Structures are given as structure tokens and as C-alpha cells.
Amino acid sequence: MQHKPTDLITLGKITSVYGVRGWVKIFSHTDPMDQILDYERWFIERDGEKRWVNVDRGKSHGKGMIAHIQGVDDREGAEALAGFEIKIERGMLPELEDGDYYWWQLEGLTVETVDGVNLGRVHHMMSAGKANDVMVVHSERPDDSQQERLLPYIWDEVVKSIDLDRELITVDWDPEF
């Protein structure tokens, strides 16, 4: 099955091998991190190599996650999977409640202040651990260089509204900052 990049969402990455029976260590972007195991079928991709795999077991392990890919039963097979990004079809994601957004929905949106000053576009989102998430906003400077702003994703205090149809996030933020 052929997929466009926009049909797939990255949930994590296979980082290395775990043990000798085909298990792999995974880094999960999901919150909570073990939610990545809710998806039994992953599309994995690395350096142009792409394929579907089925996850038959997985669990939290220490501060991370481990998983077993169906048909991979030895260390060598698991080592061959290291570095693959883990993706799923966007349609597999659960519906969110009103006012909740997936990061991929925010990336690329224009960010304006409540006074209408364009601050740029959300380049990506990042987690600040136990603190609030952060919007990384890029804009062009007059000299063609990039300006990067880090805006806390704090609803009501900083983020005033999100309009996906207009592709616009309105923020209460000093444009000089």
C-alpha cells in the first residue's frame, strides 16, 4: 500500500536491540509513552527503506519501552531494525476532545499576536518535561536569516485561540521578545 507522507504520523523510533530474542528498544513520542503499544501495526522507515511490521508484545522497561516485532526472533534481526522511525496512519489516532490538538496539527500554522503581528509559523513542538510544551516558531528576518522564538504552549495565558480552518494560532506575546 502506497502512502503519502501526510497520511503517516511519526510516533517514535526503534533505537537499539534488547536481549537476544528479537526485542528492540523504542523511543516513544506518545503521551503516555506506552500508548505507542496501542498500535499493533507500525509502518517503519529508514533511509528510503519502508515496510509494515506487526508488534506482538511490548512493555515499559526502566525509563523506556521495549517491543517484539513479529517474525524477528534473534539479535541480528532486531539489530537490523535500529534507526527505523515508527509511524502509523493518521486515521488510526483517537479522536480528541474539543480544544485538544495533536502536535502535527499545530506544526505549520501561522502565529499572530492578539494585535495582529505575525510572529512566523510553528516549525515544531517540543516537550519541556514536566513543564509546559513549547512552540518553536520560525520567521524570516529582513536579511533573509531565520529568527526562532520559543513560545510556551500555555492555554489562556499565552495561547488565546487556535483556528485550524484559518491555520492560525493567536497568542498574547510581545513581538520584541
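Here are some friendly notes on this predicted model, taken point by point.

1. **Ground rules.** Because this is a predicted model, local features need pLDDT of at least 70 and side-chain atom pairs count only at pLDDT 80 or more, while totals for chains, interfaces and linings use all residues. Residues are numbered from 1 along each chain as its sequence is written, and side-chain values use heavy atoms, with hydrogens and water left out.

2. UniProt, in an unreviewed entry, has "domain: RimM N-terminal" over residues 11-90. UniProt positions are given in the numbering used here, feature names are shortened, and annotations may be inferred rather than shown by experiment. The span is 6% helix and 55% strand, and its end C-alpha atoms lie 10 Å apart. Helices (H or I, at least four residues) and strands (E, at least two) are DSSP runs, numbered from the N terminus.

3. Two strands pair if DSSP finds at least two bridges between them; the angles, from 0 to 180 degrees, are taken between N-to-C directions of axes, which are lines fitted to C-alpha atoms.

4. **β3 and its two partners.** Strand β3 (residues 41-46) pairs with strand β4 (residues 49-61) in the antiparallel sense over 6 bridges, and Ile-44 has Arg-51 of β4 as its bridge partner. Their hairpin has 2 residues between the strands, and there Asp-47 takes a positive phi near 45°. β3 also pairs with strand β6 (residues 85-89), again antiparallel, over 3 bridges.

5. **Where does Lys-87 come in?** In β6, Lys-87 is the bridge partner of Phe-43. Lys-87 is also the bridge partner of Thr-10. β1 and β6 pair in the antiparallel sense over 5 bridges.

6. **The PRC-barrel annotation.** The unreviewed UniProt entry places "domain: PRC-barrel" at residues 101-172. Here the chain is 6% helix and 50% strand, with the end C-alpha atoms 19 Å apart.

7. **An open sheet.** In the order β10-β9-β8-β7-β12-β11, 6 strands form an open sheet with mixed pairing. Its edge strands, β10 (146-152) and β11 (159-163), each pair on one side only. Neighbouring strands of this sheet are turned by 30° against each other on average, direction ignored. β11 pairs with strand β12 (residues 168-171) in the antiparallel sense over 4 bridges, and Asp-163 has Leu-168 as its bridge partner in β12.

8. **The largest pocket.** Its volume is about 1200 Å³. Of its 33 lining residues, His-29, Thr-30, Asp-31, Tyr-102 and Trp-103 are the closest to its centre. A pocket, on a 1 Å grid over the protein atoms alone, is an open set of points where a 1.4 Å probe fits, with protein on both sides within 12 Å along at least five of seven lines; lining residues have an atom within 4 Å of a point. A volume is the space filled by probe spheres set on the points. β1 (8-18), β2 (23-28) and α2 (103-106) each supply at least two lining residues, and β1 gives the most, with 4. The lining divides into 18 nonpolar, 9 polar and 6 charged residues.

9. **The second largest pocket.** This one holds about 180 Å³ of space. Among its 14 lining residues, the closest to the centre are Pro-94, Glu-95, Leu-96, Tyr-102 and Gln-105.

Technical notes:
Ala, Val, Leu, Ile, Met, Phe, Trp, Tyr, Cys and Pro count as nonpolar, Asp, Glu, Lys and Arg as charged, and the others, Gly among them, as polar.
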